[in-house]
Amino acid sequence: MFNLEIIGSGVATLKNKYTNNDFKKFVDTSDEWIYSRTGIKTRYFTEDENTSDIGYIAALKAIEDANIDKNEIDLIIVATMTPDNFTPSCACLIQAKLGLNNKKIMAFDVNAACSGFVYALEIASNMLENYKCALVIGSEVLSKIIDFTDRNTCVLFGDGAGAIVVKKSLFDKKMLFYSNCIGDLQGKLIAENINKNGNFTYLKMDGKEVFKFAVNAMEKSINYILEKLNIKLDDIDLIIPHQANIRIIEYVCKKLNVSIDKFYMNIAEFGNTSAASIPIALNNAIKEEKIKENSKIILVGFGGGFTYGSCYIEF
Ligand code: UT7
């Protein structure tokens, strides 16, 4: 494994913003219920762009931010649970959209639901022995799999994409990953793409069960990093969690006895964008200068699978 240096980041800006009140058109709900139960006020949905379209926009922005020639990229990994196709993967489509088909590139998707970006980063880090410059993207068009007549789920999610460009770090900075999984045979968080009868099913979730899993997974993932590196939460400048529900973060804060200010949050604006939530939050925290040189941060993801994991990065 190699330490990564994040040399650029970018986010796709989507115009189609939905407020909580907009959902009253579809289901029996209220701004008060959604905001008090989740911390969500708005989210974005694409018009007709697919996952690779918005992933491509985020990738372009990250490449521009990194100030590199796009031809330097030789590895593209897209974390998504809503790919355009079974095949070709979003990573292959983004390679083509970037005009990099004449380059030697390895490109593939990773499906670890909301933990996908953390998983993809660990994979990239392990691959940097043989590759020089990786695009790691989290992109989701969850509106494709949302049942807009189910109030239990439709108000929670949004579409989005974030990307980073990473290279092997030349500096002596620490990095540590933790990835884990507890296979869910009961379908507590499931979106069947197409089953054997050729039927498509929308995303379904046992919210309470997933909530309990999420709190434990976050606590375990953060504690793993602290114990392995023999550091304390005071040594960490910022934690960027998967943005699923502000109450999950509040519970974790109580369990870890830490102020909520330690956690970066933008769920109010974006809702839950699954694999895109961490790269969007990471990009925004960098642009807002909440992450600067020498900052020590933890990314922590959890989601369908059930997957979970964390990543410690020194900037
Ligand atoms: O990213 C993947 C990971 N996902 C998560 O981490 C999600 C984890 N789970 C959660 O965030 C929460 O469980 C939810 C936000 C999904 C639900 O919150 P809750 O406090 O567990 O609510 P609940 O499911 O117990 O529902 C309470 C009530 C129910 O009514 P009754 O049966 O008590 O009459 C629901 O039908 O709230 C009702 N309800 C709603 N009411 C208005 C559910 N959704 C809505 C809604 N508007 N949108």
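Which helices each supply at least two residues of the shell around the ligand? They are α1 (31-38), α5 (151-154), α6 and α7. The legends below cover this shell and other parts of the structure.

This is a predicted model, in which local features need pLDDT of at least 70, side-chain atom pairs count only at pLDDT 80 or more, and totals for chains, interfaces and linings use all residues. Residues are numbered from 1 along each chain as its sequence is written, and side-chain values use heavy atoms, with hydrogens and water left out.

**View 1. The shell around the ligand.** Among the 23 residues around the ligand, those that come nearest are Thr29, Arg37, Lys208, Asn245 and Asn272; a residue is near if one of its heavy atoms lies within 4 Å of the molecule. Helix α6 gives the most to this shell, with 4 residues. Helices (H or I, at least four residues) and strands (E, at least two) are DSSP runs numbered from the N terminus.

View 2. A ligand oxygen lies 2.5 Å from a side-chain N or O atom of Lys208. For Asn245, the distance from a ligand oxygen to a side-chain N or O atom is 2.6 Å, and for Arg247 it is 3.0 Å.

**View 3. Helix α7 (246-256).** Asn245 caps the N-terminal end of α7, with a side-chain oxygen 2.8 Å from the backbone nitrogen of Arg247. The buried residues of α7 (buried means under 20% relative accessible area, with a 1.4 Å probe and protein chains only) are Ile248, Ile249, Val252, Cys253 and Leu256. They fall within an arc of 140° seen down the helix axis, so they line one face of α7; the arc is that of the directions from the axis to the C-beta atoms. Their cover includes α6, β11 (238-241) and β12. Asn257 follows α7 and has a positive phi, near 55°.

**View 4. The largest nonpolar core.** A nonpolar core is a set of buried Ala, Val, Leu, Ile, Met, Phe, Trp, Tyr and Cys residues joined through side-chain atoms within 4.5 Å. The largest one has 45 residues, and α6 supplies the largest share, 11 residues.

**View 5. Ser295.** Ser295 is found in the loop between α9 (277-287) and β12. Ser295 counts as buried because its relative accessibility is 8%. Leaving out residues up to four places away in sequence, Ser295 touches Asp237, Lys290, Ile313, Glu314 and Phe315 (contact means heavy atoms within 4.5 Å).

How values were computed. Buried means under 20% relative accessible area, exposed over 50%, partly exposed in between (1.4 Å probe, protein chains only). A polar contact is a pair of N or O atoms within 3.5 Å; within protein, one must be able to donate a hydrogen and the other to accept it, and residues adjacent in sequence count only if both atoms are side-chain atoms.
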